[in-house]
Amino acid sequence: MINRVNKKILYISSFFIPIFLYLCIFYKHGIWPFGDITIMTGDMHYQFIDYLSYLKSIVFGNNDLNYSFSQNLGGNITGFVAYYYLSPLNLITLLFPSSMLPVAEGIILMLYSGLSSLSFTYMLSKLHGYRYANIIFALSYSMMGFVATYFQLTMYFSNLILLPLVILGLHNLMHNPNNHKLYMISLFMSVLFNYYIGYMTCIFVTVYFIYCLIINCKSISEIKNKFDVIKSFAVSSVLGATLSMFNLLPAVFSLSGEKDNISIGLSRMFPMHKVFSQFFTGAFDGNVSTGLPNIFAGISMVSFAGIYFFAKKYDIRERFASFVLIAFLFINLYINPLNVAWHGFNQPIGFPYRYSFFISFLVILFAYKGFMALNESVYIKILGLIAALVAIYAVIAVRDAGNGVGLVDIILDCSITLIVILMILLKSKGILKLEILALALFILNTFDLTYNAYDAMNYYNLASLSEYQTYLSDVNKKLAWLNENDTGFYRIEKYFRRTNNDAMQFNYPGLSHFSSSEKKDKINFLGKLGFRNNGNWAFYNESTTRFLDSFLGVKYIISQHSSTPNHYTKLTPKDIYRVFGNESAFPLLFTASDSINDINYNAYSNNPFELQQAIADTLKSDNRIFTKAEPESINLVNLNSEKQDGVTHYKKIDKTKDAKIEYEFKIDEKYDMFVYFDAPETQKAHLYCDGLDRDKYFDTYRWNIVNLYDYEIGKKVKVELELLEDSLDITNAYFYYENSDNVDVLGRKMADNDVKLEKITSSHLKGSIDVNEESGNTAVLSIPYDTGWNVYVDGAKVKTDKAVGMLLSFKIDEGLHNIELKYFPRGRMEGIIISLISLIIIIAIEIKIRRDGA
């Protein structure tokens, strides 16, 4: 069987077969090119597509890999780049316009399936010989449950392709300590392409190396004799990781201070008996937040893995060690602190078992060994035991709700298992040739894998390509108008969104962003100012104050409405979207009094209006902008209230009737009135003002400053907060008027400095400022403080400081000055040096090996 194998046909088949299978799945789902649907869903829909669009601005525009102004206020993106961008498969997206990126992602999914199958086939062929049967197991790897359910996480795909090469390199090293190049290079690439999965791979290969030592050494003394192997593994692993430090070290510094979602309480992640249901076809139930680990590899793989564990061809020590290895991974999935350790000591938000593919990998590898044992006699008792275990667990899985396995799936898997066992029996009696068995297994396994991948997609809301393209076209029309009419450097925001990452999709400086690598302090700062902050992201909503828009340099608003709450000037005619101008917007560089550096947003309570007023006071504004509005009365309708520890607890009296809190005002100012409710947590309520529906409040997306509009002086206005649950907790209710006339005065004052600021690249700004005596001697940029920024005034480097506890500032004298800012991420130079030293050591080792060999 080995001698008759054509290597080219083997490799070509292993690459194209899974691609063909995914094309069949696309056809059944109506996914492009067979329909308008795309694989864009979940995180791919809300994050990755926008990130890939921004990548095009880095490659083809004037953005770079160090800094971005399209993430909230702006920030270091080296960690972001290291996590999302470095997979080589992303290069394919550069061949497509932004409007076709969902199609590009579908192509990447197919290419991944082909490349991972090819990689696995290559590993098996090098380790165990060239067989067409290798394709059966390679297909299981390329279409395993992890990929079928996590297909939206394309930034992990390159690491999955590399894993078989890492393991093959490790086996090469075990046989010859000097043959370490494949291991070291593939491990380096794994860490480089995605440090997160690369970190998990480092843990796995360490455990796998120990496993290999155990099965290859019969005693402790033999392990001692493997000193050269152990040394080669340790050195190669360290050099493989440190070679990537030019990218990894700045990423580590960039991510310091990002989400602090550590949870290491000693608890179990799931009932252990339920996890084995995930070996069955169709076990995925659509839950990627708290669901079970995705370990499906095809039900036939379970049968052959079972044969391996009973096959006398393999030493009992090896089989026991293999059992311990896979049990070890299951225990790590099961116990929360261990699971968190695999995820970098940070509890993942969604996709809670991102290393579960290692179990699938091992099951397939052991299944292959079980298949290889078919040339020996397989006892009927063993096959009967495997069939019985599958049948018993199938009954348990059907009766146990919440594991996603349906009766049809159970019947399918039991049928496949029965057919496989019957074929093995026929093979053992010489009735069936191994080649025929392998062909039948290929057909059964292919159907099983394809059906599972097709079924998994049924649980996702796959996005329409035409809807996505229409949205991009409509927004781009307005951005094109802005680019034609204002070539300056300013911020843009919108009163609508496709996602929180629209600023990255359209490459404009904005205030909204969501990613796993976003800084916590930026999110908290924007939340303190009155933006919606849910702890993982903050985004611009349509009810910020005029002062806040101006202070943060929001010069233009794109809206779906015919007017804006803050009375901005309409600049474009009626259309799906309109552009409005904020004539009071500050330039991104402005001056203030020295006291702005004394303000720390963390020192303020959750009253966004007082924080904004404190900032305004440092801008040498003689007139107050925010004035507190006091309600004449507060009425409770069908509610009891109790105050405890600073929180007022409201509870319905009659749960069958509506309940609300009514705030009654007599308007005494002509300006817009705003409200912000502070509370301990998200809840369900609805806000009304003067009979107008002002949407939900305390909601995931609606818990921010709300503009209640302006009313005639003397008018009675009622603000109502209706409970949508039986209780509601409120810490404070803040009502304020905003003097928009004083905001306009302040805007004109900032314009007097005649600031000119040009974006050369996203990490290089140049311009000038004419500082007058009255404006103050502290220059402030409305971007986050970062030690990576080097500021030069008239060619001389100046010391930087923090304004408001967040923004970048520096001292400046009166008069006209040239300003230049250059950003260089912390850790980049040190990382480059470490990588170069690692490279020199690698070259020196290779020279020594060649000399010794000569």
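Predicted model: local features only at pLDDT ≥ 70, side-chain atom pairs only at ≥ 80, totals over all residues.
Residues are numbered from 1 along each chain as its sequence is written, and side-chain values use heavy atoms, with hydrogens and water left out.

Secondary structure follows DSSP runs, with helices taken as H or I of at least four residues and strands as E of at least two, numbered from the N terminus. Helix α15 (residues 316-334) comprises 19 residues and reaches 26 Å from its first C-alpha to its last, close to the 27 Å expected at 1.5 Å a residue, the expected span being 1.5 Å times one less than the number of residues. Among the buried residues of α15 are L325, I326, L329, F330 and L333, where buried means under 20% relative accessible area, exposed over 50% and partly exposed in between, with a 1.4 Å probe and protein chains only. The buried residues of α15 pack against α9, α13, α14, α16 and α17, contact being defined as heavy atoms within 4.5 Å.

For helix α21 (residues 465-485), the 21 residues should span 30 Å at 1.5 Å a residue, and the end C-alpha atoms are 30 Å apart, which agrees. The buried positions of α21 include Y468, Y471, L472, V475, L479 and L482, and the buried residues of this helix pack against both helices, namely α2, α4 and α22, and strands, namely β3, β6 and β8.

Within helix α25 (residues 608-617) lies Q613, which counts as buried because its relative accessibility is 2%. The side chain of Q613 reaches the backbone nitrogen of F626 at 2.8 Å, and, when residues up to four places away in sequence are not counted, Q613 touches R624, I625 and F626.

Strand β23 (residues 764-771) is largely enclosed by the rest of the structure, because 6 of its 8 residues are buried. Strand β22 (residues 756-761) runs antiparallel to β23 and is joined to it by 5 bridges, pairing of two strands requiring that DSSP find at least two bridges between them. These two strands, β22 and β23, form a hairpin with 2 residues between them, and K759 has L765 in β23 as its bridge partner. Strand β23 is also joined by 8 bridges to strand β29 (residues 815-823), again in an antiparallel arrangement, with D770 standing opposite L816 in β29.

Terms used: Polar contact = N/O pair within 3.5 Å; in protein donor to acceptor, adjacent residues only side chain to side chain.
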